[in-house]
Amino acid sequence: MQKILSNLVCPICKGKLHYQSERQELFCYFDKIAFNVVNDIPVLLVDDARKLTEEEWENRR
Ligand SMILES: [Zn+2]
């Protein structure tokens, strides 16, 4: 599952998504947006995504 999640790309910018296992979210730092992961299934829907906070953006890795 980790491998699948790490190979996903953002549906908006087609860039790499960064899986946050402790939050169960996928971050796109380009769009400053976070997608949900529900029961190991990524929800790559822009309507269901949330904006990253400034802190999450600054702590990107
Ligand atoms: Zn993106």
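Predicted model: local features only at pLDDT ≥ 70, side-chain atom pairs only at ≥ 80, totals over all residues.

Residues are numbered from 1 along each chain as its sequence is written, and side-chain values use heavy atoms, with hydrogens and water left out.

**Exercise 1. The zinc site**

Find the protein donors of the zinc ion and work out which arrangement they make.

Step 1. Donors are N, O and S atoms within 2.8 Å of the metal (3.2 Å for Na, K and Ca), and since water is not among the atoms, sites may look incomplete. Here the protein donors are C10 (SG), C13 (SG), C28 (SG) and D31 (OD), at 1.8 to 2.3 Å from the zinc ion.

Step 2. Check the angles. Four donors count as tetrahedral if all angles lie between 85 and 135 degrees. The 4 donor atoms around the zinc ion subtend 102 to 117 degrees, so the arrangement is tetrahedral.

Step 3. Read the spacing along the chain: C-x2-C-x14-C-x2-D. Helices (H or I, at least four residues) and strands (E, at least two) are DSSP runs, numbered from the N terminus.

Step 4. Compare accessibility. Buried means under 20% relative accessible area, exposed over 50%, and partly exposed in between (1.4 Å probe, protein chains only). C28 has 1%, so C28 is buried; C13 has 29%, so C13 is partly exposed.

**Exercise 2. The strands**

Which strands pair with β2, and in what sense?

Step 1. Two strands pair if DSSP finds at least two bridges between them. β1 and β2 are joined by 3 bridges and run antiparallel. H18 has F27 in β2 as its bridge partner.

Step 2. On to strand β3 (residues 33–38): β2 and β3 pair in the antiparallel sense too, over 4 bridges. L26 stands opposite F35 in β3.

Step 3. Look at the turns. The hairpin of β1 and β2 has 4 residues between the strands, and Q24 takes a positive phi near 55 degrees. The hairpin of β2 and β3 also has 4 residues between its strands, with K32 in the turn. K32 has a positive phi of about 55 degrees although it is not a glycine.

Step 4. See what covers β2: E25 and F27 on one side, and L26 and C28 on the other, are all buried.

**Exercise 3. The core**

Which residues make up the largest nonpolar core?

Step 1. A nonpolar core is a set of buried Ala, Val, Leu, Ile, Met, Phe, Trp, Tyr and Cys residues joined through side-chain atoms within 4.5 Å. The largest one has 11 residues: L5, L8, C10, L17, Y19, L26, C28, I33, F35, V37 and A49.

Step 2. Sort them by element. β2 and β3 are the elements that give two or more residues to this core, and β3 gives the most, with 3.

Step 3. Zoom in on V37. Contact means heavy atoms within 4.5 Å. Not counting residues up to four places away in sequence, V37 touches L5, Y19, Q24, E25, L26 and P42.

**Exercise 4. Y19 and E56**

Are Y19 and E56 buried or exposed, and what do their side chains contact?

Step 1. Y19, in strand β1 (residues 18–20), has 17% relative accessibility and so counts as buried. E56, in helix α2 (residues 54–58), has 14% and so counts as buried.

Step 2. A polar contact is a pair of N or O atoms within 3.5 Å; within protein, one must be able to donate a hydrogen and the other to accept it, and residues adjacent in sequence count only if both atoms are side-chain atoms. The side chain of Y19 makes one with the side chain of Q24 (2.7 Å). The side chain of E56 makes one with the side chain of R50 (3.0 Å).

Step 3. Leaving out residues up to four places away in sequence, E56 touches R23, F27, Y29 and R50.

**Exercise 5. A loop residue**

Where is N39, and is N39 buried or exposed?

Step 1. N39 lies in the loop between β3 and β4 (41–43).

Step 2. At 69% relative accessibility, N39 counts as exposed.

Key
Tetrahedral: all angles 85-135°; square planar, octahedral: opposite > 155°, others 65-115°.
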